[in-house]
Amino acid sequence: MAVSYTRNNLSNSSLTSIEARDLDERKRWQKKTIKARILIGVLTVICSILIVILIVTYESGHKNTECTEKQNGKAVNNNIIKFVHISDIHYDPFYDKNTPQRSFCRPQLANSTSNYTAQYGRIGCDSPIDLVENSLDAMQNVSKIENVSFILLTGDLSGHGMWTSYAGPHKVLDNIAEVSNKAHSRFPDIPIFPVVGNNDLPGHYVLPNSSDWYKELLTSWAPLILCSSCPNDMTKPTTRTVLEESFLKGGYYNASIAGGKIVLLVLNSLYWSVEVNHNPEILQKAVEQLTWLETQLEIAAMRGKKVILVSHIPAGIDTYDGKSYWFSNYTNTYVSLVAKKYSYLVTAQFFAHTHKDDFRLQLSMTETGDTQQEVPKSFVLLAPAISPVYHNNPAFRVVSLETDQLVLLDYTQYYMDLVMATEFSNPIWQLDYTFSQKYPSENKFLDANRIFELNEELINQTSNKFWKGYVFSRETNYQPEPYSRFQLFCGMRHVYKEDFNRCSEQYNVPGG
Ligand SMILES: [Zn+2]
C-alpha cells in the first residue's frame, strides 16, 4: 500500500508537476500569442500609417508637379491656352534679292546691285515673299508643338510705300489678301484676328472715307476671323452680322476667346493717331469707336468676363522723339476706361507698330492713407516685327494664358538671325527667350505689377541683368541702335506726355 501509496503519491506528485508544467507551458504560449498579436497589431497600425503617408506624399507631389507645370506655362494643361502674337509682316512684292538696302531692295529705285543676294530679306528692307512664307512655316511648326488656339496679327500686313507710281492701284489690298490667304491656308482650323495698321490703308495714315475699303478688307479677313474652315463643333468667335456691324464702320470688332470667358476687343487705333488728318468725319468716327469700346467694357463687366485689347499703334510716347502717338483727349478717355474704371477687367493689351520688343505701362494715382501713390493698373506688350526694315531680326511670340483666373502666365519668343540666314542661305528659326526666365520675379503672373518691376529694374544701379536683357532684345538680337536709357525707362513708364516730360527732366544724362 505504502508502495502503491508511494507510487500513487509519486504518480500523483509527478502528474501534478506535469500538469503544472503544461499549465506553465500554456501560459507561456498564451503570453507569446498575446505578444505576437500585439506585435501584429502594432505592425498593422505602422503599415497603415506608412501607406497613408505614402498616398498623401504621392498626391501632394503630383499636385506640386501640376502646379509647377502651370507656373512655367509649358505643359499642355486644361487650364492653359496658348496663342501666337505676330506683327508688322510688311510684305513687299517689289523686293529684289540683288538690290541693296539703300534702294529699299526695289529695282525700280536702284541704280546698282548688291554684292550678295538676300533671299530671305535684308536688314533695312521690308519682307520678301520668302520671308513671309518662312515665318508662317516657322509659326506653324511651333504652333503644332505648343497647341496654339488662335493668332493675333497686329497690323501692317502690307509693305511701306505702296502708294508710289510703280506700285499701281490696289497694291495694298492685294498684299493684304496674299498675306491673309497664306496665313489662313496654314492655320485653317484656328481663328486669326487681324488688325488694321497704318500701312493697310488707302494711303499712309489715310483712313478710308467710305466703308468700301473695310468691305474689301473683310473679303480677306472674314474667313480668318470667323474661322470658316474650323471644325463644325467649334464655337465661332463671332458672327458675320456682329463682325460687319462694327468693322464696316471703322475696322474694329469684338470676338469671344478662351471658351467665352474673355472678350477680345480688336481696335483701329489709327482713328486716335496724331499722324492722321482729323477732318470732321474722322473725328466723329474716333469718338464713335471710344463709345463702342466703353459699351463693350460695360457689357463684359455685366457678364463677368475679362477683356484683352488688341491694336496696332499703342497709347503713349514714341521714345525716339518724345511725341505722343495719339491725341491727348483720346489717350485720356482710353486710359480712364482701360486703366482706371475697368482696369479690373483687362487681362492684357497687345499692340505693335514700333517694330521693337518692348512694353508700356498705364499707371494711376491711388490714395493710400494720407498720401497719393502711382500704381501700375494696366500694361501693353509690344510685339517685334517680321519685317527687318527697322534694323531688327524677324520674330514672333507664343503667349500662355491661364483660364481659371484669366491671367497671362508667360510668353516665349522665336526669331531668325537674318545675317546668318543670308550668309549661309539657310533660314533657321530658334528660341529667343522666355519672359519668366529673362525677367525672373516672385510674381508668377505676367501683369502690370510685373512690367512695373521690370521697368524699375532698368535703372537698378547694382544689377544690370534686366537692362542688358531688355536693350539687346529691342532689335531682337540685331545690333542695338543708339539709345538713351532714361528715355526708354520714362517712355515705358508713362503714357501721358506731361508725366513723360517730368520723368525725362528728372534725369539729365543721355546715353547709358
Ligand atoms: Zn510697321
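**Figure 1. The loop around Thr-476 in the predicted model.** Thr-476 belongs to the loop that links helix H11 (465-473) with helix H12 (485-493); helices are DSSP runs of H or I with at least four residues, strands are DSSP runs of E with at least two, and both are numbered from the N terminus. Although Thr-476 is not a glycine, its phi is positive, at about 45°. Thr-476 is buried, having 25 other C-beta atoms within 10 Å. A residue counts as buried with 20 or more other C-beta atoms within 10 Å of its own, as exposed with 12 or fewer, and as partly exposed in between, the C-beta atoms being placed from the backbone. This is a predicted model, in which local features need pLDDT of at least 70 and side-chain atom pairs count only at pLDDT 80 or more, while totals for chains, interfaces and linings use all residues. Residues are numbered from 1 along each chain as its sequence is written.

**Figure 2. The loop around Asp-88.** Asp-88 is found in the loop between strand S1 (80-86) and H2. Asp-88 is not a glycine, yet its phi is positive, at about 45°. Asp-88 counts as buried because it has 27 C-beta neighbours inside 10 Å.

**Figure 3. The packing of helices H2 and H3.** The axes of H2 (residues 129-146) and H3 (residues 171-186) come within 10 Å and cross at roughly 25°. Axes are lines fitted to C-alpha atoms, for helices over the stretch in contact, and angles between N-to-C directions run from 0 to 180 degrees. H2 and H3 are therefore roughly parallel to each other (angles under 35 degrees count as roughly parallel, over 145 as roughly antiparallel, 65 to 115 as roughly perpendicular and the rest as oblique). Their crossing is right-handed, the near helix being turned clockwise from the far one by less than a right angle. Val-132, Glu-133, Leu-136 and Gln-140 of H2 make the contact with Val-179, Lys-182, Ala-183 and Arg-186 of H3; residues are in contact if their C-beta atoms, placed from the backbone, lie within 7 Å. The contact residues comprise 4 nonpolar, 1 polar and 3 charged (Ala, Val, Leu, Ile, Met, Phe, Trp, Tyr, Cys and Pro count as nonpolar, Asp, Glu, Lys and Arg as charged, and the others, Gly among them, as polar).

Figure 4. Six strands form an open sheet of mixed pairing in the order S3-S2-S1-S12-S13-S14; two strands pair if DSSP finds at least two bridges between them. Strands S3 (192-194) and S14 (429-434) stand at the edges with a single partner strand each, so one side of each has no neighbour in the sheet. From one strand to the next, the twist averages 25°. Strand S2 (residues 148-153) pairs with S3 in the parallel sense over 3 bridges, and Leu-153 stands opposite Pro-194 in S3.

**Figure 5. Strand S13 and its antiparallel partners.** Of the 10 residues of strand S13 (residues 407-416), 9 are buried, and the strand is thus mostly covered. Strand S12 (residues 395-402) runs antiparallel to S13, joined by 8 bridges, and Leu-401 stands opposite Leu-408 in S13. The hairpin of S12 and S13 has 4 residues between the strands, and Leu-406 in this hairpin takes a positive phi near 55°. S13 and S14 also run antiparallel, with 5 bridges between them, and Tyr-414 stands opposite Leu-431 in S14.

Terms used: Contact = placed C-beta atoms within 7 Å.
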